[in-house]
Structures are given as C-alpha cells and as structure tokens.
Amino acid sequence: ATLGLTYQLSDALRLGASYISEQSMSDFKWNTTTGRYSMEMNAPQTFQIGLAYMPNPGLLIEADIKRIQFSEVLDKVTLKTPGGSTTMNFGWDDQTVFALGIQKKLNDKTTVRVGYNYGESPIGPEDVANNYGSLAVTEQHLTLGLTRQFSKKVSGSLSYAHAFNNEVRNSAGNSIELEQNLVNFQISYSN
C-alpha cells in the first residue's frame, strides 16, 4: 500500500508526505544438485517527508527526507535448505536518506534537473562477511537530467546518475565496494 498527501502552505511552498508499506515478495528460490533452497526477502516500508519551493513557474527546489526500515526485512533472513532452515544474519540497519533536487525550465522546450542524495550504508563493517555481492553500500548519488519537447506530442529525456565510490571494510580486511554510472534515454508520446 502507498499513501501520500500534499498540503499547499503558500503560493510558493508545498509540503508532502508519503508512506509505503512493506512489500511482500515471492520467495527467492534456486535449485542445486543437493535440492531446492529458498529465502524471503521483502522490500522494506518507508516513510518520507518533503518540502517543495516554487519561487516562480520555471523553478522548483525540493528537499526530502526518507526513512527506510531495512532492519525489519534484512536484519535476519531465514534460508530454507534441503537439510532444514538456518538464519542468515545480514544485519542491515535502517537508513535515513537526505535528498535535494532542482528543476529549471530554460524555455518552453527545455527543462534541466540536478539532484543529490546521501544515506549512510545500511551495511556496516561488522556485516561485510554476510553481504558479499550486495550493491547497497553507496552513500552519495548525483543525478543530472534534461527533457526536450520536440513537438506538441513528442519529448525526449536524457538522464545520468552517478553513485560515488564507497567501500565498507571489516576488521579482517574483507570489503564490499561499489561505484556506479547509469545513463537513460527516453522518448515520450502523449495524445
């Protein structure tokens, strides 16, 4: 379930809040030569609050805070094996993400966007050995975007997201490290 609301504080200021319940997913299953393995890995519930400031029709500045309840779904996960069940201690902590975004309409045909967010990794050094292969260690993200209206019905958008390099290392010297770049291009048609 997703619930949200907005409240117009003034002509230029809007407050928003949202809640997303825990998302129940089918068990992750795989077969091996010794039999079937499975585990449940639901998506966490989140709470978010944000403030949007529109000093003029062509400029939007937004700041958000999001709380992701990872500890409820990824602290301990039960692994079902042919020989029984065992508890895996992933140890994920809850995460608070702070985000700032700016959108500027340059003219009737072109809009640009920039955004930044920070959230401490939900995986700490003490949990590195239980999370090899996880991609959740990046803490800072920068995004850039551009939308161009080609005609009344067709527009194109180009976006770039950079997840800054972050490494989480345990006392044994093992680590999880990730840096990521993502580019998207989209064509939209509307009636």
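Buried means under 20% relative accessible area, exposed means over 50%, and partly exposed lies in between (1.4 Å probe, protein chains only). This is a predicted model, where local features need pLDDT of at least 70, side-chain atom pairs count only at pLDDT 80 or more, and totals for chains, interfaces and linings use all residues. Residues are numbered from 1 along each chain as its sequence is written, and side-chain values use heavy atoms, without hydrogens and water.

Start with Glu-139. It sits in the loop between β10 and β11 (140-149). Glu-139 is buried, yet it has no salt bridge (a side-chain nitrogen of Lys or Arg within 4 Å of a carboxyl oxygen of Asp or Glu). The nearest side chain of opposite charge is Arg-67, 13 Å away. Lys and Arg count as positive here, Asp and Glu as negative; His and the chain ends are not counted.

Now Gln-45. This residue lies in the loop between β4 (35-39) and β5. Gln-45 is buried because its relative accessible area is 14%.

Both residues make polar contacts (pairs of N or O atoms within 3.5 Å; within protein, one must be able to donate a hydrogen and the other to accept it, and residues adjacent in sequence count only if both atoms are side-chain atoms).

| Side chain | Partner | Distance |
|---|---|---|
| Gln-45 | Tyr-19, side chain | 2.8 Å |
| Gln-45 | Glu-72, side chain | 3.1 Å |

Tyr-116 counts as partly exposed because its relative accessibility is 35%.

Definitions and conventions:
Helix = DSSP H or I, 4+ residues; strand = E, 2+ residues; numbered from the N terminus.
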